[in-house]
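Take a walk through this model, from single residues out to the whole chain. Keep the 3D view open as you read.

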Amino acid sequence: MTFSEPADDGASAGPGQADRASGEPSLLPLLAVCAGYFMVILDVTVVSVAVPVIGRELSASVTGVQWITDGYTLVFAGFLLLGGALGDRWGNRRIFCTGVAVFTVSSAACALAPGAPFLTAARLVEGLGAALIVPGSLALLRQTYRAPAARSRAFGLWGSMAGVAASAGPLLGGLLVSTVGWRWVFLINLPVGVACLVLTLRHVGPSPRLASRAVDWPAQCAVVTAVALLTGALNEAGRRGWTAPAVLAGAGLSVLAAVAFVVRERLARSPAVPLDLLRSRALGGGAAIGLLFNFGFYAMVFTVSLYFQHQRGLSALETGAALLPAVAMTMFASVLSARLARRTGDRPLVIAGMLLAAAGLAGWTAAGTDPAYPLLVAPMMAVGFGTSFALTGTTSTVMGSAPPAYSGTASALFNTARQVGSATGVALGGTLLATAATYGEGLRVSTAIGAFAYLTAAGLAWYCVPTGSEPALPAR
């Protein structure tokens, strides 16, 4: 595989690039990039406690509420590879800024939605903006912070930014819904988006681009089809039943679309994901770990939000406060993991995080169908801490396994897997709640499945995550 001479993405060098030349990157590029990532993650968690209220005010069914959440996630997951490919081709900064603009405008549309169909459509566009933001966020950090120690700290802060957003989301969402209304959970994205654009254009240097790389449209279509069909099948299972022909057909066709993607990548002259990347144990294993821990965490956040509001009668604000033990632990777990990784390597930290999260969900399962709230605090703290603790090491493993020219693609593959996990977790969790005799019974089954997912991720980490940093695959 040969690469053309990299070219800048069309902008003059900013302060961030000058900092890289001096060998001492400032924090401003990190703040710029993390502002966009913060907005994307905040939009997941801040909406999670608002969807029951949105469903009531817009007269949406449980399946409709799932689509308000999963419509965003499935487009996000389905188009991440496209976002990564466009970033590698046209410059990650340019595509990142485009995504921020799309996300900000569509958030305003969500806030103005007159009904559930319009809101779902606006959420789809919002998901497209997120798909352009996230691959570029990691690629820009790798581009800016080149020293291993600085890069590890940057990835740790990137992960902790997700923790801050996850922590603020449920409580902020509950506060907004209880005071000024659910539309403000989307309006808060507007100032964040504007600040992100200004910071990025001023403090992040232009990115190299590979103008000769073509976008593999058949592969992109296969990914979108696979994600949409799988998520749709899981959503409809709650309404139609697991053995309904439409559900089985959707699941089967999603598998065929995934197979078509793999076949296409083997035959394409310019694949969306080069075979060297697909064969990398570190990248493939890291992506699978990301899928599993997102599945467990976001299934818990979604189902617990519905459980607290529908079965326990809590308000949106009270639900956000009740979830705080789970999400607050993520704020410092990623930073701690980044510091420890320099001494221990990534593997033991990822394994420890996954085992701790598995223990937390197993503890919730063992507590019964309607346990007292104090019994749930420690399990929620374990899940939040363990998931975030493993994120930094998993991210470093994935990003270290690809050549710099494919940073956007590697980031996209990792985050595609993670968002597939989120979409599948939310869809399956909602289906279990809809089909169980009570919300408590459905939640107990969901937490048991989540615990098994975390245990599987721990086993994969032992096999796939290196103890140190794995060198990047050569660009050929």
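In which helix does Ser 411 lie? The answer is α18, which covers residues 407–435. Bear in mind that this model is predicted.

Is Ser 411 buried or exposed? Its relative accessibility is 0%, so Ser 411 counts as buried; the cut-off for buried is under 20% relative accessible area.

The lining has 25 residues, and the closest to the pocket centre are Ala 258, Phe 261, Leu 413, Thr 416 and Val 420.

Now go to another helix. Val 33 lies in α2, which spans residues 28–48. Val 33 is buried, because its relative accessible area is 2% and buried means under 20%. Which residues does Val 33 touch, not counting those up to four places away in sequence? They are Phe 96, Ser 137, Leu 140, Leu 141 and Val 204. Take Leu 141 from that list. It sits 108 residues from Val 33 along the chain, yet their C-alpha atoms are separated by 7.5 Å.

Step back to the chain. How many helices and strands does it have? There are 19 helices and zero strands. Contacts between residues 24 or more positions apart account for 87% of the contacts with a separation of 6 or more. The pair of Val 33 and Leu 141, 108 residues apart, is one to inspect in the viewer.

Burial and surface complete the tour. The chain has 476 residues, and buried residues make up 59% of them. Ser 411 and Val 33 are both in that buried group. The accessible surface of the chain comes to about 17200 Å². Carbon and sulfur atoms hold 69% of that surface.

Notes
Residues numbered from 1 in each chain as written. Predicted model: local features only at pLDDT ≥ 70, side-chain atom pairs only at ≥ 80, totals over all residues. Heavy atoms only, no water. Helix = DSSP H or I, 4+ residues; strand = E, 2+ residues; numbered from the N terminus. Buried < 20%, exposed > 50% of the residue type's maximum accessible area, 1.4 Å probe, protein only. 1 Å grid on protein atoms, 1.4 Å probe; cavity = no way out; pocket = protein on both sides within 12 Å on 5 of 7 lines; lining within 4 Å. Contact = heavy atoms within 4.5 Å. Areas by Shrake-Rupley, 256 points an atom, 1.4 Å probe, with all protein chains shown as cover.
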